[in-house]
Amino acid sequence: MQPVVHFKNVNKSYGALTAVDDLDLSIAPGQFVTLLGPSGCGKSTTLRMLGGFDSPTSGEIYLEGKPISHLPPNKRNVNIVFQDYALFPHLTVGRNIAFGLELKGMESAAIHRRVTELLSLVSLEDHAERMPAQLSGGQRQRVALMRALAPDPNVLLLDEPLSALDAKLRQQMQIELKSIQKKTGKTFIFVTHDQEEALTMSDVIVVMNKGRIEQMGGPDELYARPRSRFVANFIGQSNFLESTVVSVSGGIAAVQWRGNVVNADVNGTAPIPGHHVTLALRPEAVFCLSRKPEDRPSLKARINQRVFKGAHTSLTVTLDNGSTLLAQIDPVALSHVEGDDVWVGWRDSDAVLLAQ
Amino acid sequence: MRNYFNDLPKSALGASYWIFAVYLVLPLALMTAMSFKDANFIAFPIGNWTLSWYSKVVQDKQFLEASLYSIGIALATTVSATIIGVWIALLVSAENIWGKAVIFALACLPAVVPGLINAISMRIFIRAVDIPTGTFAIILAHTVHAVPFVVIMVLTRLRSMPANLVDAARDLGADPFIAFLRVTIPYLMPALFGGMIFCVLTSIDDFVRTFFLGGYQPTLPMLIFAKVQGGMSPEINAMATIVLVVTTAIGLYAEHFTRRSRS
């Protein structure tokens, strides 16, 4: 299938500063795609270039196969939801949503129908005559979304639109956004620095760092199979085990880690015995048992710190080899407290080798 | 907010304010009162009250002509100063303009140059470039004087304008001109309105510039000045009272409007 958006070798620099570095990215139609990364990673610049508010220093952007880099924002069939919503303060909610339709030359009866239809999509039918200043944050967010959807764009761009909302409303809006995307079947390109937002809504997450794509894939894939230390650290938490490859067989590598031999998934890398590698291990993949299990390998450790976090309990344990591991366990699974000895380990496939 | 003047006795503050207020209002009240005096000299007591001075003023062809002339000049001044002022404010607020500070400083200069100096230099200037004294020269001088106030008001408003508003309009299909007309101008409206009221009031009020640059036709201040030369009379008081009431009404309405659109 032809990608709806294609960035081909796109560079953007501001003087000596490179914001986007040789970006090559194809986005399939109808997907919820999230550009995820820390501030300054180039995700917003990428979005602004697609919207037409910045132009690439070199390279070309294609929308449905046609180059668009030279087009001004008003000539592109993409619409953007701004971080601060940018609702026109002098226009009512209805007129805000109608703005793009009026410029398309649509007749007023059709505009009225479309505005009513869009407002009912977010249950704001009776707010059409309100001014933006009279709306709550969540309502403004919905109006901004509907205003951007009104002209029926091929691609909807969302620039951290949830960051101004409180935590509870944000979660609610995440679900609402996802369901609107499904209902309309449009391509959503969402920019955020919040990994939880990305994991909740996306079909595809593009992790960006220093103007480059660090890794791209489904949320579960990125979470379970991070390829770099950056991704493993940015999405969720990870333990990093610096080790040396001993042997490889059947996709599982045996590595020497501080005097212990442990197993890990090769994760698409080609480890060479004797070479140094880094293992990433999710805290919730680490098991802690009171007695040494017979059926699987484990290591002896002492609990350093036990922190109750509600849904789970977080343990910091120190192993006999001197290193520290972070583990997340079920609060009722283990009654041991700080200073107690436990046995820790993980399934071979839960620890993954990182590409260097 | 913490009241930093809690330590001062409230009564002292209040009393001194009222002294000031009386000083402010009393001359105006006296002037107004005298316009109702049934005698052709100004002195207490008023004695008999009359509206005859007002009926005389509103039938005074000179007064009506001068009023219309002043209003015409004020309107022309307002239109030209608003256009120039908005233009300069947009220039100064644009990101990549060379010499921004110089443009701004030059635009604001007329606000600090004394009116008399301004008037004399304009007089020399129009003679040098062969512009006759009269309506056009007056409008020129009034415009130069009014522009800084428009620039400052519009610029203040522009700086509070989210940059994304214009981007959003462009994104929804507006070209730069449509975006300016449909988003920037409406956003600037309170500032434009305030600036325009200010232009009208300063223009109608101006005496010095008009005195140096005017022709044979008198504006309202010139007419009143000429009449005062012939001695004060309740008729002048009636004229002044009319001007006072009208300008105060305009000022109050402007204040009300800007306050409403801000909330």
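In what order do the five strands of the open sheet in chain A run?

A word before the tour. This is a predicted model, in which local features need pLDDT of at least 70 and side-chain atom pairs count only at pLDDT 80 or more, while totals for chains, interfaces and linings use all residues. Residues are numbered from 1 along each chain as its sequence is written, and chains are lettered from A and ligands numbered from 1 in the order in which they are written.

**Stop 1: all of chain A**

Select chain A. You'll find eight helices and 20 strands; here helices (H or I, at least four residues) and strands (E, at least two) are DSSP runs, numbered from the N terminus. Taken along the principal axes, the C-alpha atoms fill a box of roughly 75 × 45 × 35 Å. Of the 356 residues in chain A, 40% are buried, meaning that 20 or more other C-beta atoms, placed from the backbone, lie within 10 Å of the residue's own.

Now colour 5–228 and 237–353 separately: these are domain 1 and domain 2 of chain A, with bounds that come from an automatic or database domain assignment. Their C-alpha centres lie 39 Å apart.

**Stop 2: the open sheet**

Back to the opening question: the order is 15-19-16-17-18, with antiparallel pairing. Strands count as paired if DSSP finds at least two bridges between them. Pick out strand 15 (287–289) and strand 18 (324–329) of chain A: they stand at the edges with a single partner strand each, so one side of each has no neighbour in the sheet. On average, neighbouring strands here are turned by 45 degrees against each other, direction ignored; the axes behind that angle are lines fitted to C-alpha atoms.

Next, select residues 299–308 and 341–345 of chain A. These are strand 16 and strand 19, which run antiparallel and are joined by four bridges. For a closer look, show Leu299(A), which stands opposite Val344(A) in strand 19.

**Stop 3: helix 4 of chain A**

Go to residues 137–149 of chain A. This helix has 13 residues and reaches 18 Å from its first C-alpha to its last, close to the 18 Å expected at 1.5 Å a residue (the expected span is 1.5 Å times one less than the number of residues). Is helix 4 mostly covered or mostly open? Mostly covered: 10 of its 13 residues are buried, among them Arg140(A), Val143(A), Leu145(A) and Met146(A).

**Stop 4: where the chains touch**

Show both chains. The contact takes 18 residues from chain A and 14 residues from chain B, where contact means C-beta atoms, placed from the backbone, within 7 Å. On the chain A side, strand 6 (78–81) and helix 2 (93–103) each supply at least two residues. Helix 2 of chain A gives the most, with three residues.

Colour that side of chain A by residue type and you get 11 nonpolar, five polar and two charged. Here Ala, Val, Leu, Ile, Met, Phe, Trp, Tyr, Cys and Pro count as nonpolar, Asp, Glu, Lys and Arg as charged, and the others, Gly among them, as polar.

**Stop 5: chain B**

Finally, hide chain A. Chain B has 11 helices and zero strands. Its C-alpha trace spans about 70 × 65 × 35 Å along its principal axes, and buried residues make up 29% of its 263 residues.

Conventions:
Two residues are in contact if their C-beta atoms, placed from the backbone, lie within 7 Å. A residue is buried if 20 or more other C-beta atoms lie within 10 Å of its own, exposed if 12 or fewer, and partly exposed in between; C-beta atoms are placed from the backbone. Axes are lines fitted to C-alpha atoms, for helices over the stretch in contact, and angles run from 0 to 180 degrees between N-to-C directions.
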